[in-house]
Amino acid sequence: MKQNNENISVIVCCYNSSPRLEKTLLHLARQEDISPGCWEIILVDNNSTDDTADVAARLWRQMGHKAPLRIVSEPTIGLTHARAAGIRAAQYDIILFCDDDNWLHTDYLLQVVHIFQNQPTVGIAGPASMPAVYEIAKPLWLNGHENVLCVFDTGQKEITVNQHSAKIVHIAGAGMAIRKTILENYLHDLANNPHRLLLDRSPGRMLSGGDDDINLLALNEGHDLYLTHKLQLLHFIPSFKLTKEYILRLYEGMAYSMVLLNRFYGQEKEKAQGWNFMGMMKYMAINILKNSFNNRVLLRTIKGRQQAKAYLRTAAAQLPPPPSQHARPKPLPAL
């Protein structure tokens, strides 16, 4: 298919998403000042057991938008598999990951186009803050832990990061806009190291390392990461995510993912992203009196790290060697 670097393929990965799709699609339908011929929606139905595909097609038809919505079926459950299916189906050179609970501001697509047109060194762009809309009142114990739900505020209008930056700030997958060439290389790397499929959501696992994997790949290739206040979205947080067990599973999965990431990118043990012993003690000393939930967070984080290390020991013979020292990026910030 003909590709145009001013056009956008919006990939919406879905698993039993029918209850959340109406507002997500409505915000996409309200995009302003961008021609319907300049973008498309690729909705990936990741083996849903509900009527996600039918609901999406019906809603988009009722909204009457002229931008095409194509439904792609991916039978293998897992976020990385779903994203890969969307990437392969995308016809344009800018790809935007829009989760089924992301409500994009009306100029989001237009701002993405402007960024990639005017900043050729940028490989990935995303919001500098991501406020939440909670389905129910946010519980008090969640204070200080919203970031694991991808709810955050960097406090800055713009942040540009490259492989030489003193501090690495990554871009979240929600609302992530990225050059397709980077993602094509990402798919190639996945084929060479299928263990990286473990880095993101899959049945029974709340892993969260796929976004970081893409960020690190882009940095290694010499691209900039760009976070900006010009990209605005609301992150809808459904009630089922506002339980302590759900948040603890996220922490456990994030810790697991970071251990794997550091192995795949050849990070030194003491500099690796995630918790080390002294980091754990500092975290506990500072925060334990503020929120007793932190005790359980710490224990689940340790559990996730231990499980990942056990996996790496059993899979050592199958893993490719880590990259050479000169190819290693700086580690991302600790959890």
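A residue is termed buried when its relative accessible area is under 20%, exposed when that value is over 50%, and partly exposed in between, as computed with a 1.4 Å probe and protein chains only. The structure is a predicted model, in which local features need pLDDT of at least 70 and side-chain atom pairs count only at pLDDT 80 or more, whereas totals for chains, interfaces and linings use all residues. Residues are numbered from 1 along each chain as its sequence is written, and side-chain values use heavy atoms, with hydrogens and water left out.

The chain contains 9 helices and 15 strands, where helices (H or I, at least four residues) and strands (E, at least two) are DSSP runs numbered from the N terminus. Of its 335 residues, 53% count as buried. The accessible surface of the chain, calculated by the Shrake-Rupley method with a 1.4 Å probe, comes to about 15200 Å², and carbon and sulfur atoms account for 53% of that area. When contact is taken to mean heavy atoms within 4.5 Å, 84% of the contacts in the chain between residues at least 6 apart in sequence join residues at least 24 apart.

Strand 8 pairs with strand 15 (residues 233-237) in the parallel sense over 3 bridges, and Y134 stands opposite I237 of strand 15.

Helix 4 (residues 108-118) is mostly covered, with 8 of its 11 residues buried, among them Y108, Q111, I115 and F116. I115 is one of the residues touched by T228, together with G126, P127, A128, K157 and E158, when residues up to four places away in sequence are not counted. T228 itself lies in strand 14 (residues 224-228) and counts as buried because its relative accessibility is 0%.

For helix 9 (residues 293-315), the end C-alpha atoms are 33 Å apart, which agrees with the 33 Å that its 23 residues should span at 1.5 Å a residue, the expected span being 1.5 Å times one less than the number of residues. Its buried residues include F293, V297, R300, G304 and L312.

A search of the whole structure finds 7 salt bridges, each defined as a side-chain nitrogen of Lys or Arg within 4 Å of a carboxyl oxygen of Asp or Glu. In one of these, the side chains of R20 and D100 meet at 3.0 Å, N to O. This pair links distant parts of the chain, since R20 lies in the loop between strand 1 (8-14) and helix 1 (21-29) and D100 in the loop between strand 4 (94-97) and strand 5, 80 residues apart. R20 is buried at a relative accessible area of 16%, and D100 is buried at 10%. A salt bridge also joins the side chains of E146 and K138 (2.7 Å, N to O); E146 counts as buried at 15% relative accessibility, whereas K138, with a relative accessible area of 31%, is partly exposed.

In a further salt bridge, the closest N and O atoms of E245 and R300 are 3.0 Å apart. Here E245 belongs to helix 7 (residues 244-264) and R300 to helix 9, 55 residues apart. E245 is partly exposed, with a relative accessible area of 38%, while R300 counts as buried at 17% relative accessibility. Salt bridges that share partners join E245, E252 and R300 into one network.

How values were computed: Two strands pair if DSSP finds at least two bridges between them.
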